[in-house]
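Welcome! Let's take a friendly walk through a protein chain, one part at a time. Have the model open as you read.

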Amino acid sequence: DVSPVVAGLIGATVLVVSVSVTVFVWTCCHQQAEKKHKTPPYKFIHMLKGISIYPETLSNKKKINRIRRDKNGTPKETGRGNLLVDAAESGLISSEKAPDGPNAAPRVDQLPIKVDYGDELSPDQSLTPGGSKTSSPSSPGDDVMLGELTFSVDYNFPKKALVVTIQEAHGLPVMDEHTQSSDPYIKMTILPDKRHRVKTRVLRKTLDPVFDETFTFYGIPYSQLQDLVLHFLVLSFDRFSRDDVIGEVMVPLAGVDPSTGKVQLTREILKRNIQKCISRGELQVSLSYQPVAQRMTVVVLKARHLPKMDITGLSDPYVKVNVYYGRKRIAKKKTHVKKCTLNPVFNESFIYDIPVDLLPDISIEFLVIDFDRTTKNEVVGRLILGAHSITAGGVEHWREVCENPRKPVAKWHSLSEY
C-alpha cells in the first residue's frame, strides 16, 4: 500500500547509500595499494647503544626521536631539534649587521620585500648560501691531520639487513677557536642510490667522540653489497652559522666480507673533494631586472637529466626559490609539483622588489626537491645565482643580468649536491 512517491524516495536513498559505500571501499583499497607501491626498496632502523628495534614493531609514520643530553648528562628526547633551528636562524639574523652612519647599507627590515620566517631548515639541512663563509684559522687544511674514524660492518642473513655501527673518532681538528674544541657528528649515506641518509647525535666539546650508534638497513640482498659504498661525512655543529665540514670517509663494500661476522675498520678522515660529487641534473632559469620599477623577474623554465628518486625510476620534482640579502632569507616561493618525470617543464615566474643599490648583496637560491607523499621531501640539487654564486656560469649569468637591464637572460646550470 506504499505510495509510488515514497517507494521512489526509498529506492533513491538505497541507491545513493550503495554507491557511497562502494566509492568509499574502492578509495580505501586504492590508497592502501599506493602505500604498498611506494614502499622504498629498503629502510633503515636506528639502534642506539644495543637497543634493537625491528621493522615489524614500527609503522611507516613513526618518527625516531633524537637524544640530547643536558649539562648533567641526563638524556633528553627532542623532536626535530627546534632549539637548534631557532639558534641557527637567530645566527643568520645576527651574523650580518649593517654599520651605522649616513653611508650605511639599507637594513633588511627596511626592504620592500616581506620577510618570511616560516619553513625553517634544521642546521644539518640548511642550504643557506654560506659556502663563501671565511674559514677560521683552525679550519682543516691540506697539511692538517683530520683524524680517524672507527666503525664496524655486519650482515644479518635471516633479516637481509646491513648493520653499520659508528663507534668513535680520534684526533679531530679544532673547529671552534673560542672553546678550542669541536661539536662533532657524522652523516652516513649508502651510495650510489643515496636513498637514505642517517646521522648520529652531536657530541659537545670533544675531539675524540665516542658515538656507539648502530644503523640497520633492511631489505638489502647480500649479493648487492659488492656494489654499495658507505659514505661518512664528519661535521662540526655550529650554533650561529652553517655546520663546518671536517672531512669524509669512503668505504667500498667490495673489499669487505661480513659473511663470517662483524668486520671492524678504521679509516683516515680525508678532506672532502666537492669536484667528485656526481651530477644532479641541470636547471634552466631566466632573470630580468627592471631598474625603473626596481623589480627582479625570475622564471623557472625547466630541468633535465634529474636523478631517479623513486622506486619507479622517476621523480616528482618542484623548485623552491629563496632570495637572500647577505645571509638572511628575505623571500621564498615555489613552483607546482610535476609528477613522474625526470625532465620537468615548469614555466613559472616570480617577481621580487629589490632596490638597485642592494643588487651586489642579493643571492637567489634554487632548490630542486623531490616531492614524496609518504616520507620526507628530499633535495635533489641546488643552484645559487648572485653574490654567493660558487660557479663560473652562475657569476657570468648574474653579471649579464646586471649589465643588460630589462633584457631576460636564460641559461642552463648544473645542479650541485651540497
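Not counting residues up to four places away in sequence, I364 touches L287, M296, V298, V321, N322, V323, L383, I384, L385 and W398. Here, contact means heavy atoms within 4.5 Å. This is a predicted model, in which local features need pLDDT of at least 70, side-chain atom pairs count only at pLDDT 80 or more, and totals for chains, interfaces and linings use all residues. Residues are numbered from 1 along each chain as its sequence is written, and side-chain values use heavy atoms, with hydrogens and water left out.

Which residues touch the most other members of the largest nonpolar core? They are L283, L287, M296, I362, I364 and F366, out of 33 residues in that core. The elements that give two or more residues to this core are the strands β12, β13, β14 (317-325), β15, β16, β17 (362-370) and β18 (378-386), together with helix α3. Another core, of 32 residues, lies apart from it, and V153, I186, M188 and I190 are among its members.

A nonpolar core is a set of buried Ala, Val, Leu, Ile, Met, Phe, Trp, Tyr and Cys residues joined through side-chain atoms within 4.5 Å. Buried means under 20% relative accessible area, exposed means over 50%, and partly exposed is in between (1.4 Å probe, protein chains only).

## The chain as a whole

Let's step back for a moment. The chain has three helices and 19 strands; helices (H or I, at least four residues) and strands (E, at least two) are DSSP runs, numbered from the N terminus. Of its 418 residues, 42% count as buried. Among contacts between residues at least 6 apart in sequence, 68% join residues at least 24 apart.

The accessible surface of the chain comes to about 22800 Å², and 55% of that belongs to carbon and sulfur atoms. Accessible areas come from the Shrake-Rupley method with a 1.4 Å probe, and for residues only the protein chains shown count as cover.

UniProt, in an unreviewed entry, places the feature "transmembrane region" at residues 6-29. UniProt positions are given in the numbering used here, feature names are shortened, and annotations may be inferred rather than shown by experiment. In the model, this span is 100% helix and 0% strand, and its end C-alpha atoms lie 35 Å apart.

V17 lies in helix α1 (residues 4-37) and is partly exposed, with a relative accessible area of 47%. Together with V21, F24 and V25, V17 forms a nonpolar patch on the surface, with about 380 Å² of accessible area in total. Patches are made of residues with over 30% relative accessible area and no salt bridge: like charges are joined within 9 Å, and nonpolar side chains (Val, Leu, Ile, Met, Phe, Trp, Tyr) within 5 Å.

## Pairs of opposite charge

Side chains of opposite charge can pair when their charged atoms come close. A salt bridge is a side-chain nitrogen of Lys or Arg within 4 Å of a carboxyl oxygen of Asp or Glu. A search of the whole structure finds eight salt bridges. In one of them, E282 pairs with R304, with the closest N and O atoms 2.8 Å apart. Because E282 lies in strand β12 (residues 282-290) and R304 in strand β13 (residues 295-304), the pair ties together parts that are 22 residues apart in sequence.

Now look at helix α3 (residues 392-403), where R399 and E403 sit four residues apart, about one turn of the helix. Their salt bridge has its closest N and O atoms 2.5 Å apart, and E396, R399 and E403 are linked in a network of salt bridges. R399 is partly exposed at 37%, whereas E403 is exposed at 52%. The side chains of E400 and K411 also meet in a salt bridge (3.5 Å, N to O). This pair links distant parts of the chain, with E400 in helix α3 and K411 in strand β19 (residues 409-414), eleven residues apart.

## A buried loop residue and a positive phi

Is T335 buried or exposed? T335 is buried, because its relative accessibility is 6%. T335 is found in the loop between β15 (328-334) and β16 (345-353).

N347 is found in strand β16. N347 has a positive phi of about 55 degrees although it is not a glycine, and it is exposed, with a relative accessible area of 53%.
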